[in-house]
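Here is a brief report on aromatic rings and nonpolar cores. Look at the structure first, then read on.

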Amino acid sequence: MSAESLQLFCTFGIFIFMLAAIGVYCMLATYNLIRALIGVELLLKAVTLLIVAVGYITKHNALTQAMVITFIVIEVVVMTVAIGVVLGIRSHTNSLDARDIRNLKG
Amino acid sequence: MYSWFILFPLLSVIILNLPFRGMMNKIAIWYALALSIAQVYLVLFPVNIVMPFLQLNLNADIISRAVLLCIAIVLFVTILSAKYLIKKEDKLFNFVNLLFICLAGMNGVTLVTDIFSLYVFIEITAVASYTLISFYKDKDAFEAAFKYIMLSAMASAMMLAGIALIMLISGDTGFFAIREALKVSPHSSLIVFAIAIFICALFIKGGLMPFHGWLPDAYSAAPAPVSVLLAGVVTKTLGIYGLIRIMVSVIGFDGPLKQALLFIGALSIVVGALAALGQSDFKRMLAYSSISQVGYIIIGLGTGTALGIFGAVFHLFNHAIFKSSLFLNSAAVESRLGTRDMDKMNGLASKMPVTGITSVISCLSAAGLPPLAGFWSKLIIIVALWVSGYRVYAVVAIMASVITLAYFLSLQRRVFFGRIKEDSMNIKEAGIGLTLPAVILTAIIIGVGIAFPFLRDAIKF
């Protein structure tokens with residue numbers, strides 16, 4: 001990796017790290033299930049950006065584009081199932097609060 | 001020919017959901033049984049079926065084939081028990097479709113040769129298993145599924161970040177290319193970080209000790225056939241096989257990594273076994289025992305020697321067999337008593353003899369008593385630890401084996417031995433759909449255990 005591309009990667013890296021940190025904070029700080037899922041989305045978006053940045057720096061744009069598109073599809077499927085589960089929880093407890101689902105003790 | 005292992009289940013989903021649903025509803029379950037038997041046959045006796053189009057980049061060595069065999073056997077018993085436990089035809093049809101997606105994903109994980117496809121197939125299997133866990137839409141199942149989704153999403157993010165950072169030096173995602181690139185620059189801090197988060201992600205997927213929060217919930221809240229599948233193969237294929245594959249084919253073994261694996265393995269063995277001692281729910285005890293047994297697999301892998309890896313894969317196989325059998329027993333007890341609380345059971349062996357005997361044999365195999373199959377794999381792992389100089393860990397493994405025996409004996413004493421309670425006097429043996437699979441699995445345990453000394457030379461590793 002040359003010095004120039006390292007600098008570029010660091011610039012990207014700071015932004016990606018901030019986005020990921022916001023996502024993790026969002027997951028940890030809230031009791032609302034939908035907001036927690038939004039936090040997950042932010043985290044996954046940060047990772048998507050990381051893949052794009054890596055593709056740009058290593059000049060493997062075609063490969064990373066294919067990866068990113070595959071990843072977006074997977075992410076949509078996972079989120080659909082997750083929202084389905086949240087709706088199921090809501091139909092049982094009539095709320096979206098994570099404190100209402102504490103039957104199982106981990 | 002390996003492409004068929006992935007494409008055929010996926011094509012089956014499409015074929016089953018085309019028109020003629022009415023007819024397909026009836027044949028779906030038999031079709032699934034036939035498919036799992038076909039997979040057992042194809043793994044044991046490979047046939048070179050030429051694939052005219054769509055050449056996928058797949059490969060299978062002896063480790064992948066052992067895992068493919070586990071998947072097929074556990075799938076077979078899952079389908080048999082589902083046929084018995086899921087009464088509605090529509091529900092059963094949906095269940096079979098989800099199983100096919102799961103099967104395609106797991107076969108994919110075992111066969112891929114690049115790290116991004118590994119991620120894709122892990123995610124396919126995981127999505128199918130979230131749906132399977134919340135199959136009956138009850139509250140606990142949704143809670144368990146949500147926990148699993150959140151932790152899995154973290155794992156996905158970590159795994160992909162790892163892949164991206166590894167790509168930064170290798171420029172490619174193939175196992176071989178990454179291995180070559182790692183040889184050139186093995187110890188840059190970025191790569192160490194990338195490998196660390198990738199392996200942590202696999203630990204989450206496999207439910208190892210610091211990351212195990214979702215596992216007991218998911219196993220105990222899932223419907224009975226799904227618990228069999230999850231405990232037997234899903235988490236083992238996603239997390240543990242993934243880890244073995246990455247370690248063997250990509251990263252290779254070096255000092256700190258071996259120490260980390262050994263430590264995590266020993267921690268899982270001890271804490272999992274101690275946590276299992278304190279459980280009163282049948283399935284939760286089995287789930288914690290599963291964490292403990294997975295620790296043995298990881299500790300065997302951590303030696304980094306061929307003997308240790310052989311022991312790890314053999315224990316993975318044995319674990320799939322005996323843990324599926326025990327979950328079938330728990331399903332049998334639950335279907336008759338309507339509860340999983342072990343304090344409300346006693347002396348069931350006199351009323352449910354088949355379930356009692358199969359569970360005793362499975363427990364003893366898990367605790368490592370000769371000549372059952374579990375004894376040989378534990379022996380190989382402990383010998384591998386001793387030979388490669390990790391004697392402290394060998395002693396830990398032996399000691400934890402005693403705890404394993406303790407909690408399984410406590411399970412047996414509370415559920416099957418002793419005097420039967422008044423209110424369960426007219427309990428009958430569970431139906432053929434739950435006893436037959438348990439008998440098959442027990443036969444495999446005894447057969448492998450007795451035949452292993454003779455097979456030892458035949459297995460080329």
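## Cores and rings

Leaving aside neighbours within four places in sequence, Leu243(B) contacts Ile199(B), Leu202(B), Phe203(B), Leu261(B), Ile298(B) and Leu301(B). The model is predicted.

Leu243(B) belongs to the largest nonpolar core, which has 198 residues. Tyr119(B), Leu229(B) and Leu243(B) have the most contacts inside this core. Which helix gives the most to this core? Helix H6 (residues 139–170) of chain B does, with 20 residues. A second, separate core has 13 residues. Leu262(B), Ile381(B), Tyr390(B) and Ala394(B) are among them.

Now the rings. Over all chains, the whole structure holds 18 aromatic pairs. Two of the pairs share Trp376(B).

| Pair | Centre to centre | Angle between planes | Kind |
|---|---|---|---|
| Phe375(B) and Trp376(B) | 5.1 Å | 65° | edge-to-face |
| Trp376(B) and Phe452(B) | 5.6 Å | 40° | tilted |

The pair of Trp376(B) and Phe452(B) links distant parts of the chain, 76 residues apart. Trp376(B) is in helix H15 (residues 373–387) of chain B, and Phe452(B) is in helix H17 (residues 432–455) of chain B. Is Phe452(B) buried or exposed? Its relative accessibility is 5%, so Phe452(B) counts as buried, the cut-off being under 20%. One aromatic cluster is formed by Phe310(B), Phe314(B), Phe375(B), Trp376(B) and Phe452(B).

Charged side chains meet rings too. Arg99(A) lies over the face of Tyr31(A), 3.9 Å from the ring centre. In chain B, the charged end of Lys378(B) sits over the ring of Tyr296(B), 4.4 Å from its centre.

Notes
Residues are numbered from 1 along each chain as its sequence is written. Chains are lettered from A and ligands numbered from 1 in the order in which they are written. This is a predicted model: local features need pLDDT of at least 70, side-chain atom pairs count only at pLDDT 80 or more; totals for chains, interfaces and linings use all residues. Side-chain values use heavy atoms; hydrogens and water are left out. Rings of Phe, Tyr and Trp (its six-membered ring) pair if their centres lie within 6.5 Å; planes under 30 degrees apart count as stacked, over 60 as edge-to-face and the rest as tilted. Helices (H or I, at least four residues) and strands (E, at least two) are DSSP runs, numbered from the N terminus. Buried means under 20% relative accessible area, exposed over 50%, partly exposed in between (1.4 Å probe, protein chains only). A charge sits over a ring if NZ of Lys or CZ of Arg is within 6 Å of the ring centre and within 35 degrees of the ring normal. A nonpolar core is a set of buried Ala, Val, Leu, Ile, Met, Phe, Trp, Tyr and Cys residues joined through side-chain atoms within 4.5 Å. Contact means heavy atoms within 4.5 Å.
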